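Here is a friendly tour of one protein model, taken a few places at a time. Keep the sequence and the 3D view side by side as you read.

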Amino acid sequence: MNTVAYRAKWIATAITEPFENGLLLVRNGVVERCEPFVRSIAIEADRLIDLGDCVIMPKPINAHTHLDLSDFTTPFGRGLTLPEWIPQVVAARKKNDSDDSSKSSKNAKLPIIPPLLRGVMETEVAQTCAVADCTQSEADAVTLQQSNLGGWTMRELIAPDRSRFDAVIQQATDFLSSELACSPSLSFPSTHRCPMRRGLAPHATYTVPQLFLEKLMSVATRSPMLLAMHLAESPLEEEFLKNQTGPFRQLLESLGISDFSGFAQNTHFIDLLGVLSRAWRVLVIHGNFLTEVDLAFLSEHREQMAVVHCPQSFSHFGYTGPLVSRLRRAGVRVVLGTEGRGSAASLDLWDEMRTLLHRESSLSFAEVLRMATYDAAVAMGVETYCGAILPGRAIETIMVRNFANNQSGPLVPKASEIESY
Ligand SMILES: [Zn+2]
């Protein structure tokens with residue numbers, strides 16, 4: 001038996017208030033006790049390591065990201081509306097793809113790191129232990145499953161016109177039934193590590209009609225899985241759902257879509273939330289403009305549905321106000337994500353926590369840490385693996401050592417101020 005006792009100035013478990021002078025007892029890499037320091041317990045361990053003036057806390061979980069957009073070095077289009085911003089992403093994506101292929105043809109010896117892999121590397125450097133990624137291809141899903149990250153790779157599905165419905169349902173079915181989707185060696189690298197499982201991400205209110213979502217449920221409810229959908233991100237979505245008019249209509253037409261018969265008039269967010277609620281776990285991405293009726297529904301379904309707030313992206317689009325406090329007051333489970341590098345300066349959850357605390361000063365460090373860890377784990381159905389410092393959790397998925405703290409309590413550190421276990 002190999003037991004190590006760690007002593008630290010603070011321990012922030014994510015499910016309790018941070019406590020001072022903490023003891024973490026680890027046996028063979030798995031947490032056995034986490035409590036205020038008691039010398040008689042600590043000296044029974046094979047080793048006692050005093051970490052000194054630091055904080056031990058769980059690694060964060062990124063509940064929404066698009067890692068394939070990680071070739072953008074800076075966010076762009078600040079202040080644009082969402083339907084103005086999307087064509088810029090599409091154009092920038094095409095430009096980066098052609099730049100990469102011309103670079104690789106000029107010098108075959110210089111490998112180009114695929115954007116998704118860059119995103120995985122940036123995520124791992126920021127000490128994030130699990131993600132819920134909106135994934136574009138089978139190849140990207142396999143890369144994610146071969147990484148050290150746990151969580152979900154969710155195939156992004158876009159089917160605005162009826163002619164695509166069957167093909168996109170098939171795409172979802174193929175993605176879930178891929179041999180690699182359930183390979184024990186890829187999905188479960190060890191008993192205690194969080195697996196990277198497969199789910200689905202019907203993209204957004206303006207690219208996925210309710211009719212398609214209904215059909216998708218026959219696939220999405222065959223097994224316990226995570227679903228994620230962008231919903232109420234922009235104030236312009238309501239007009240599109242109601243009448244299929246406005247800037248989102250123009251955006252889709254500019255992308256060659258002419259058949260809008262799949263969208264029913266007078267659709268509201270609550271109609272889509274009702275369909276989504278049939279899935280095992282659901283992430284409502286952004287939810288910036290949800291109504292009180294929507295919030296009441298999400299509160300009622302908080303054990304299986306959560307809103308993912310992305311603080312840096314929220315600011316990027318010029319939104320303001322205490323959104324997270326409003327959602328939490330209504331009883332909604334709120335978790336945190338980074339979106340992608342098109343609207344966020346980093347893929348670092350610590351940056352997101354700091355941005356949120358700066359904007360909503362009524363929130364505490366402990367509340368924000370919980371959103372980025374334990375609540376995210378519950379929302380993604382991975383709470384048995386990570387998200388809190390609790391007996392039974394593997395130390396590698398839950399523990400970071402943070403040197404940024406003060407005498408009255410822990411602060412959100414920069415990634416460079418953290419040491420991982
Ligand atoms: Zn997104």
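The report below visits a metal site, some strands, a few helices and several aromatic rings.

Before we set off, please remember that this is a predicted model.

**The zinc site**

Which residues coordinate the zinc ion? They are H64, H66 and H230, each through its NE2 atom, together with E339 through OE. The distances run from 1.9 to 2.1 Å. The site has 4 donor atoms, and the angles among them are 96 to 126°, a tetrahedral arrangement. In general, the ideal angle for four tetrahedral donors is 109.5 degrees.

Strand 1 (residues 3-11) and strand 2 (residues 19-27) run antiparallel and are joined by 8 bridges. To see one such link, look at V4, whose bridge partner in strand 2 is V26. Strand 2 also pairs with strand 3 (residues 30-36), again in the antiparallel sense, over 6 bridges. Here G22 has P36 in strand 3 as its bridge partner. Strand 2 and strand 3 form a hairpin with 2 residues between the strands, where N28 takes a positive phi near 50°.

Which residues of helix 3 are buried? Helix 3 spans residues 115-125, and its buried residues are P115, L116, G119, V120 and T123. These residues lie on the same side of helix 3, because they cover an arc of only 145° around the axis. Just after helix 3 comes Q127, with a positive phi of about 70°.

Helix 15 (residues 365-372) is mostly covered, with 6 of its 8 residues buried. The buried ones are F365, A366, V368, L369, M371 and A372.

In helix 9 (residues 247-254) you will find P247. With a relative accessible area of 28%, P247 counts as partly exposed. P247 and P83 are 164 residues apart in sequence, yet their C-alpha atoms are 6.2 Å apart in space.

**Aromatic rings**

A search of the whole structure turns up 11 aromatic pairs.

F289 is partly exposed, with a relative accessible area of 28%. Both also belong to one aromatic cluster, made up of F72, F76, W85, F289, F314, F317 and Y319.

| Charged residue | Ring | Distance from charged end to ring centre |
|---|---|---|
| R7 | F37 | 4.0 Å |
| R281 | W280 | 4.2 Å |

To finish, go back to the 3D view and find the zinc ion with its donors H64, H66, H230 and E339.

Methods. Residues are numbered from 1 along each chain as its sequence is written. This is a predicted model: local features need pLDDT of at least 70, side-chain atom pairs count only at pLDDT 80 or more; totals for chains, interfaces and linings use all residues. Side-chain values use heavy atoms; hydrogens and water are left out. Rings of Phe, Tyr and Trp (its six-membered ring) pair if their centres lie within 6.5 Å; planes under 30 degrees apart count as stacked, over 60 as edge-to-face and the rest as tilted. Buried means under 20% relative accessible area, exposed over 50%, partly exposed in between (1.4 Å probe, protein chains only). A charge sits over a ring if NZ of Lys or CZ of Arg is within 6 Å of the ring centre and within 35 degrees of the ring normal. Helices (H or I, at least four residues) and strands (E, at least two) are DSSP runs, numbered from the N terminus. The arc is that of the directions from the helix axis to the C-beta atoms. Donors are N, O and S atoms within 2.8 Å of the metal (3.2 Å for Na, K and Ca); water is not among the atoms, so sites may look incomplete. Four donors count as tetrahedral if all angles lie between 85 and 135 degrees; four count as square planar and six as octahedral if opposite donors are over 155 degrees apart and all others between 65 and 115; anything else is irregular. Two strands pair if DSSP finds at least two bridges between them.
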